[in-house]
Amino acid sequence: MPACLIALGANLGDPLSTLMDAAHAVGALPGVQLLRVSRMIDSEPIGGPPGQPRFANAAATIETSTPPHELLFGLHTVEQRFGRRRRERWDARTLDLDLLLYDDHVGADAGVQTPHPRMTFRPFVMIPAAEIAGDWVHPLLGKTLAELDQLRTAGGNQIVLRDASAELGDAVRRCVADHGPAVVTEAGVEDPPARLTICCGPPAPLPGAGPTLWLAADATAEEQQREVHAAVECVWPGLPAAEGH
């Protein structure tokens, strides 16, 4: 059966108990077998409304006989069972379950994109994922999750833009201002993989790249900029933002 990686997060109610109970609820879904659950970690809310409580995060590996879209439907059912209400994006929540990897599947299955386009630069995802699935290889980047987690903090101190519009490039440069990483459109062959690569368009193979954010090509400029700010905050926490952003 295909092996899958799931991210779990919560910052309302009793997050630690919720995550453990939710992992077992996922394992009880039809056609699903729970394999491993990581330790719980504590993380700062990123990208959402201010004033949220801190998150508890974990990862779980499973085997399943259900296709990606049916599995995601099951994950949403578990979220609802624990009181999840979807309002504002990245808002506080009783439970969040994300399908990160579905074996080596690449692409969209009934709207479910795997690999998850925002997983590899998020510390609250990669730290627990690397703990229980560090030897799993990302099907688009060709690196293990342990390698990607290391590059997130120890890779080249730059952001590589691929297929980005001039407007998006300007937004990224304003985001980091003069305080952080260099922003380049092509990395030198002698350079270590960048701590963050940003691509516009559907996830596609990027041999040699490190942690990567894939932006939907049909997203608005405002949506893309919000994604970029959240990604930069993940990789360079505490980086002073440019004024007006």
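The legends below describe close-up views of a predicted model. Residues are numbered from 1 along each chain as its sequence is written, and side-chain values use heavy atoms, with hydrogens and water left out. Because the model is predicted, local features need pLDDT of at least 70 and side-chain atom pairs count only at pLDDT 80 or more, whereas totals for chains, interfaces and linings use all residues.

**View A. Domain 1 and domain 2 of the chain.** The domain assignment, whose bounds come from an automatic or database source, places domain 1 at 3-143 and domain 2 at 154-235. Their C-alpha centres lie 23 Å apart, and the contact (heavy atoms within 4.5 Å) takes 19 residues from domain 1 and 21 residues from domain 2.

**View B. The area buried between the domains.** Buried area, the accessible area (1.4 Å probe) that two parts lose on being put together, summed over both, comes to about 1,700 Å² for domain 1 and domain 2, with 63% of it on carbon and sulfur atoms. On the side of domain 1, Phe121, Leu140 and Leu141 supply 38% of the area buried against domain 2, more than any other three residues.

**View C. The salt bridge between the domains.** Between domain 1 and domain 2 the count is 1 salt bridge, a term that requires a side-chain nitrogen of Lys or Arg within 4 Å of a carboxyl oxygen of Asp or Glu. Glu227 forms a salt bridge with Arg118, and their closest N and O atoms are 3.7 Å apart.

**View D. Cys175 and its surroundings.** The structure holds 0 disulfides (pairs of cysteine sulfur atoms within 2.5 Å). The sulfur of Cys175 is 11 Å from the closest cysteine sulfur, that of Cys234, which is too far for a bond.
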